[in-house]
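Thanks for sending this one over. Here are my notes, in numbered points, to read with the model open beside you.

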Amino acid sequence: MWLLLSAYLIALAIDGSGFHLWVDGVLCVVTQFLPAVVCWLSLPHAEGRRREVAWLAAGCTAFASGNVLLVVAEAQHRTLPVPSAASVGYLAFYPAVVVAVLLAVRRERPAEQAALWLDGLLGGVAAAACVALALAPAFRNVHGGLLSAGVSLAFPVFDLGLVVVLVAIAVLQRAVYLPWLMLIAGFAVFAGTDVVYDWWIAHGSYVIGTPLDAFWAVGLALMSMWARPATTQARGTNLHHRSGALVVPALATATGLAILLLGTRTRIPIAATVLAAVAIILTAVRTHFAFRQQRRLFDLRRQATTDDLTGLPNRRAFSRHVETELSRFPTAAMLLLDLDKFKEVNDTLGHHVGDQLLVDVGGRLAAQLRDSDVLARLGGDEFALLLSRAGRAQAEVVAAKIRSALAAPFALGEITLSATASVGIALAPDHGGDISQLLRRADIAMYKAKRSRSGHDIYAEADDRDFDERLSLIQDLRAAVSTDEQLLLHYQPKFELATGDVHGVEALVRWDHPTRGLLYPGAFLGLVEEAGLMP
């Protein structure tokens, strides 16, 4: 196919103009039929793509068949009427290849965003509006009866449709796929040849036998390469970047406005005006999609940094804010707050009551803060607070203020609850210079306040040893529960003093620790509650 095409081009370049049977007849017909043959031979091997390959093969066959009739007429020195059977073959090519391309794009881009489809259509319409300006003579050079004029007008209109599809599929390509590049190149060559031919015909300067005649066959040959199964797996680099996402809509809008403005100054084809107006309308639709997408991104960003239940910042947003504040003002106080006995609220009254309590607690805490402070819910019943440019004294005042605010009963529907909290305090830069250190040490201080029931506590270096020891003991406790060998029951008899009779016993738990010996409840029941092992 490519060798014969090269021979055809060379022969046309050497021979000049005018009809010659072997060049403009035989070589022309053969080079236009060979792409159709390639498509038909590829059909049995085009698994999953047979419909689009069949449509492309049918379109190439129709175009080549129409050309046979034209060549026969030229050989006989006859002029074909308009319309004729050749016109039917030529015109049948356009819808066939468009259907083939749309089926292929739909198959390979099933989940493409509507905005990207709109970008492709918008770019295609704007490009077609520009081409319509160049084809102004072709639109004016329509004469004869109604049917003849309609067929003559159909060719430039179909060419514009081909330009729309060409630019649209080019915009939709997110990566360099060799088969698609061949198809786009084929469309471009074919459409470009059509446009030049229409322009020459309108000016009466077209003659048969010039190199232009070969480029229809070149376009068909390039399209047929897309049908070959051997090239379908070629892959390349990504073409789409966020920075260029709005280039196509912007250019299309500018083009449409420029054409409409030109139409107020001079006479332009109605097709150019219509296409420019459609481009402007599509721009409005694209703007609507862009607004919806931006709003969706805003919602996603808000959800990513907001606690769903309380509406407060979540751990991610809190971490970002703390890093920013500490880089500006290294002096700060981190307060970590945990509600006391919150698990019992969930277990006895239900999670919906517990959730409402957390919402109300968040509201009361937020009401106690300055504008420069930030409050976040880290998860569960745990809240964190950063006091910017605050020292030890101010942190203790705020901790007491928070506990006082939570002391008032909470009205949760028909239920009234009281809540208390334990607060751990870590100071920057004394106890750490980043969020991870401050949170860890505030957590240690918070558990110390919970054990001592003091309400709040400030981290001290000695607490680290106690914390590590408690963590180790909790791990040992989990192992003890799972083995069923270390937890024991000691039975204490209950006597009736009047008679001295034993009326029953109390079962008292003991932990026979492998290294610490026999531990009484006071040494480990608090850890059981903290670790959630009470059941």
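1. A residue is called buried under 20% relative accessible area, exposed over 50% and partly exposed in between, with a 1.4 Å probe and protein chains only. Helices (H or I, at least four residues) and strands (E, at least two) are DSSP runs, numbered from the N terminus. With those terms in hand, look at strand 1: Ala332, Met334, Leu336 and Asp338 point one way and Ala333, Leu335, Leu337 and Leu339 the other, and all are buried.

2. A word on the source. This is a predicted model, where local features need pLDDT of at least 70 and side-chain atom pairs count only at pLDDT 80 or more, while totals for chains, interfaces and linings use all residues. Residues are numbered from 1 along each chain as its sequence is written, and side-chain values use heavy atoms, leaving out hydrogens and water.

3. Which strands pair with strand 1? Strand 3 runs antiparallel to strand 1, joined by 7 bridges, with Leu336 opposite Ala384. Strand 6 is also antiparallel to strand 1, over 8 bridges, and there Ile425 is the bridge partner of Leu335.

4. Strand 2 and strand 3 (residues 382–388) pair in the antiparallel sense over 5 bridges. Val374 stands opposite Leu386 in strand 3.

5. Rings of Phe, Tyr and Trp (its six-membered ring) pair if their centres lie within 6.5 Å; planes under 30 degrees apart count as stacked, over 60 as edge-to-face and the rest as tilted. Phe63 and Tyr90 make a tilted pair, 4.9 Å centre to centre with 55° between the planes. Phe63 belongs to helix 3 (residues 50–75) and Tyr90 to helix 4 (residues 85–108), 27 residues apart. Both Phe63 and Tyr90 are buried.

6. Do have a look at two arginines as well. The charged end of Arg364 sits over the ring of Phe410, 3.7 Å from its centre, and that of Arg389 over the ring of Phe329, at 4.2 Å. The rule asks for NZ of Lys or CZ of Arg within 6 Å of the ring centre and within 35 degrees of the ring normal.

Terms used:
Pairing = 2+ DSSP bridges.
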